[in-house]
Structures are given as structure tokens and as C-alpha cells.
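Please open the model in your viewer, with the sequence panel beside it, and keep a selection tool at hand. The tour goes from the whole chain to single residues and pairs, and ends at two packed elements.

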Amino acid sequence: MSNEAGSGLPYPQRTISDEFRTLQYIVSQFQTQLDAPHGTVGLHPFGPVNVDGAKTSFTQACKRLREALVSYRDTTLASWTHLVSEPGNYDGLALTNKAPAAVRELDEMRRIADALHEDTRQCQKILLDAAASAISNVLVSGGQSMVVERLKSTAKRLELAHYTDTRTEGVDIITTVTLAGSIIVIDVDIGGSWESVKVKVSYVSDIEHDERIDMLMVDRLRSGDISGFEELVEEMAVLDRLTRERAPASFIHNTFAVVATLKEIQDQELLALDKDPRLLLKYGSGIALPHARHVGPSSLYFMPAAINHGLVASDWDKLVNGQAMSENVKSVSRLCHWLYYSWEASSSSHCFLPANIQNFCLQADSTEGITVRHPGIQGLDMRFIDSTRTDMGVFWIPYTLVARLEPSLPACMLTVRAIMAATMIEPQGEQTAYDSPRLLENAPTLENLVCSNGTVDTPQIRAWTICRIPIHRPGDLLAVTNILRRQATFNSILASCFTDQSVSAKTYANDPFRIDLLVNSDCVQQGLVLKVYESSDVLIWTHQILGVSADDLANATLTKSAAHMALSKVADISNSIPVITQWLSTNPQ
């Protein structure tokens, strides 16, 4: 067995150039976001940049830079001044005359070396990103040894120790590569074929393992997705590093606690919904599917209606039990909307559970904790642990749980404000919360973001792009999921307008979940008003029901009791304007 450490060298001392590079990187994060297409729609608390983390890093870098400059002034410059000030010290004067030139030369050499190092690092990243698939193909065809060397390289990059061991099983030679952190150990068995690959994750401490992580990693390797496998290893390495750096709080334990929390929430919601799993994607917090595409907790919160109604009972059973998805579900899962949970640095401290507490959500029969009323299921109250109790033994760490959206979700102002209220994120100013006209004056609207192949006459709805949502309290998950699902439902309906040339659509800035439709079929024009409610229910009113002309629609009173029940059901099940128009053509009003 060979034994090689991944990080045997001591960390170099940080220099002034390092601090300047840190500041430049933080600024470049925001500049990169601004330079991206529609980049301004992501500049808000739920955008791709962790503003809290950037602010903390910026403050710390400025503090270290100031300390370094003060130290330079008080030591180096002070000693030179003292040396020159001594009467008759001509040698000291000559030395100080040469010193500035030497310092300038040294500074220029360091600047060139720093620039070369940074350019090399950026080139390496660009090449690896651009050639990711090609590299995977070469590794797949290159055999066992190339994959082993790639895994060793990955271990070094992630500062993990690595070991190799070779054994023979029948006619097959098996090489085991072990990637080890302080707590997490990953054993990868590589044989003569990809079908023989095995992965086993274990822990130095007493942590209950989830075999779905092994299955996820094996799937990546057997499909030849080496880069994807490395991403999973990196996610595990981050958890290992944070657990080591932030002891006694365990990020690994709390990651599994969030998995258990999502499962407990789902079980209680299912019981309240008569065990109908479809309703979890209508009124509940989605379907908990941990370790589905990332290591850690994740949930499916929105599924296109056509997929939803195309799944059979056995598919639903596997989904709600967190089992492996069938092949037909896997193939369409990329069309669904997911929440993946991870950890980010925060400007404020948040609760982390000790090892003896396995779940943030208490069982249904519990009488303790904090009661949270479910926003989507009437009569369901859920209880979460009370972290303020002194006997809980919780830890307070400046990190927070973050829900990452895949894909990111274009959203209206009302959705952003609702999430801010649900997660208790205070806007920096009234303008940011309400409209941000200066920030968004050149930004695309929601209509243009969700309808890439069409345009809306006079688009009205200003847009943000939601990429990540800090979750400060586990109970906030209940409200956040419903808010996101409503927006996703509206976006899917709005996008479908442009697949039917016989439909013209109008939206409203002050009512961003409403669409007015004019449908032309067989020389007959029919007018509809469609609206998506907080529960994600879709209701439709015809102009005849409302008793108003097209010119007076903006002032029409939309009551749920007056909605067209049959049309509303079609819209609710399909989320599709073409399906609605098809129904109208066969059922004239």
C-alpha cells in the first residue's frame, strides 16, 4: 500500500499582494455578474453572489491589509528613519539610498510572479472547464491507471490524503484509491471495467451513513462522468473541512439532520393530504430526494404538469420513499425544479445541532418546540426545535443553510418581497424591496426572460433571478417552497403563450400573476382572464362570466366563486395555454 498526504506543506504566510488579490476577486464576482447577459436581475439578496460572505471577506481583507501597512510603517520605515538620523552614519545613509531601488526591484519581481501565477491558474481553470467532457472520454478509454492518477490529483487539489492498494479477484486486478479527510473517508474500487466500479463512504467518527451517497458516486463513475464525480468529492471535502474548522459543531451531522428534517416534514404533510403524493407538489413542501444530484439534502418542488400526470403509481411510491428514480423519471428530472441545500458563511450566527439531536422538525405528537402553521395545508401545525432553550446544547456558528435553485427562477417583485418576509431578510432600502427602478431600468422583464422565443406586447413585470435563498430557521422552508412554486407555475403558463400563434397575451405590473388572453379560433375571438393564486391553483374567467368588455378588463372584479370551473381545471392540470385553447375549440362558450 502506498501512502501519500495531500497537504504536507505548511501554508505560506499571506502577503500584501494576497490581500489585494482577495479584494480584486470579491469585486470581480460582482463585475462578472454585471457583465453576464441579464446580469442585473441577479443583484439582490437571492442572487448567485453570497453578499454576506463577500462583505465579511472584504472587511477581513481590509483589516489585514491595514495591519500589514501599519506594521511596515512601524518597523521597516521606522528603523530606516532612525538609521539615517544618526549623526555621522554615512554607511547607513548609503544603505538607505540603495534600499528604495532594491525594494522597487523586489516589488516588480513579485508583481510579475503574482501575475504569472494568477494567469496560469485562470488558464488551467478555463482549459479544464472547456475540456471537461473530452478529459472524461480520455480517462474512460485510457484505462485504470489514468483514472487512479486523476483521483490522486483530485485529492491533492482538495487537500485530502490519498492511499492506493492493489489486489486480485479472479482474473481482475482491483485498485482501491482511498481519499481521506479528517472525518470522511472515500474508498473507490477500480477494476477492469466500469461496471465493476464501487464506492464506499465512511466516517472516522460515529456518524450514520446514507448509502444513497455511494450510489450517486457510483452512477457518476460508471457513466464515465469523472468531472461530475470530482464535484461530489469536493462537496464531501467541504463538509469535512468545515467540520474540522468549526468544531465542536459538525457540518456533516447537521447536513444529515436537514435530510431527516425534510423527510419528517414530508411524512407529516402526506398524512394531512390523505397520503396522496401528487399533492405534495401542489400544497406541500415538495418531495424530499436527498443525494439525488448533489451530496446532501435536496427536494423537488415543481414538476411540469405533463410530467406530473404521466407518472404511474409505482414511480410516486419510489419518489416519496426517497428510493432510486426509475429511468423514465430520471430522464425528465432535468425538466423539474429542484432545491439543493448547502452551507454558506453568514454575517450572523445560526443554530447547529449537537450530535444527540437528529432533526430540526419534531414529530407530530410532540408538545414541545415552536409551532409553525403550514401555509399550504389547512389545519396542519408543525413543531420545530426551540433553539433559544439553554438546555438544548446547540452551537451558534456564523454559517447559514442556503437553498440553491436549479434551474434559477425568474421572479417578479412580489415573489422576492414574499421570500424576504418569510425568511426575515430586511431589504437595504425601500427602493430595493419595492421596485429598484434605477437598477432595473435596462434589465429584461419577466415576460422576456421566460419567453425566449417570443415577445409580449408592452411587457410589464420587472424581473429578478432567484438563484439561492438563505434559510435562517428550518420552519421557513414551508413558506418558501409555496412561494417559489407559485412563480414557477405562472412562468410555465406564460411561456406556453408563445407556442400558439392564435393567442395574444397581456400582463400587469400591479398584478404580476394575471394574464389576459385573446384566443382566435375559427374566426371567433374569445377573451379569458387567468390568474395563479398563492396555493398555485389556476383559475380562469371568460369575458362573458365577468360581464365586461375587453376595454374594461383591468377594473373587473375577479372572485373565485365566479371562475369557470371546467376551464380552470384544464388550466390547473395542464399549465398550458395551447391545451386551454384546444379545449375551447371543442367546447365553444
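What follows is a sequence of selections, each with a description of what is there.

**Before selecting anything**

This is a predicted model, in which local features need pLDDT of at least 70 and side-chain atom pairs count only at pLDDT 80 or more, while totals for chains, interfaces and linings use all residues. Residues are numbered from 1 along each chain as its sequence is written, and side-chain values use heavy atoms, with hydrogens and water left out.

**The whole chain**

Show the chain as a cartoon: there are 19 helices and 16 strands, where helices (H or I, at least four residues) and strands (E, at least two) are DSSP runs numbered from the N terminus. Of its 589 residues, 46% count as buried, a term that stands for under 20% relative accessible area, with exposed meaning over 50% and partly exposed the range in between (1.4 Å probe, protein chains only). The accessible surface is about 30,300 Å², and carbon and sulfur atoms contribute 54% of that; the areas come from the Shrake-Rupley method with a 1.4 Å probe, and for residues only the protein chains shown count as cover. Among the contacts (heavy atoms within 4.5 Å) with a separation of 6 or more, 63% are between residues 24 or more positions apart.

**Select Leu-300**

Leu-300 belongs to strand S7, residues 298-302, and with a relative accessible area of 2% Leu-300 is buried. Which residues does Leu-300 touch, not counting residues up to four places away in sequence? They are Leu-281, Gly-286, Ile-287, Leu-289, Cys-336, His-337 and Trp-338. Leu-289 is eleven residues from Leu-300 in sequence, and the C-alpha to C-alpha distance of the two is 7.0 Å.

**Select the charged pairs**

The whole structure holds 19 salt bridges, each a side-chain nitrogen of Lys or Arg within 4 Å of a carboxyl oxygen of Asp or Glu. One of them joins the side chains of Arg-167 and Asp-189 at 3.4 Å, N to O. Arg-167 is in strand S2 (residues 161-169) and Asp-189 in strand S4 (residues 184-190), so this pair ties together parts that are 22 residues apart in sequence. Arg-167 is partly exposed at 32% relative accessibility, whereas Asp-189, at 16%, counts as buried.

Next, select Glu-344 and Arg-404, whose side chains form a salt bridge of 2.6 Å, N to O. Because Glu-344 lies in strand S8 (residues 337-352) and Arg-404 in strand S11 (residues 395-411), the pair ties together parts 60 residues apart in sequence. Glu-344 is buried at 8% relative accessibility, while Arg-404 is partly exposed at 31%.

Then move to Lys-531 and Asp-511, where the salt bridge is 3.5 Å, N to O. Lys-531 sits in strand S15 (residues 524-532) and Asp-511 in the loop between strand S13 (503-507) and strand S14 (514-521), 20 residues apart. Are these two residues, Lys-531 and Asp-511, buried or exposed? Both are buried.

**Select helices H12 and H16**

Helix H12 (residues 413-423) packs against helix H16 (residues 476-496) at an angle of about 175 degrees, with the axes 9 Å apart; axes are lines fitted to C-alpha atoms, for helices over the stretch in contact, and angles run from 0 to 180 degrees between N-to-C directions. H12 is therefore roughly antiparallel to H16, the word for angles over 145 degrees. Residues to display at the contact include Leu-414, Ala-418 and Ile-419 of H12, and Val-480, Ile-483 and Arg-486 of H16.

Definitions and conventions: Angles under 35 degrees count as roughly parallel, over 145 as roughly antiparallel, 65 to 115 as roughly perpendicular and the rest as oblique.
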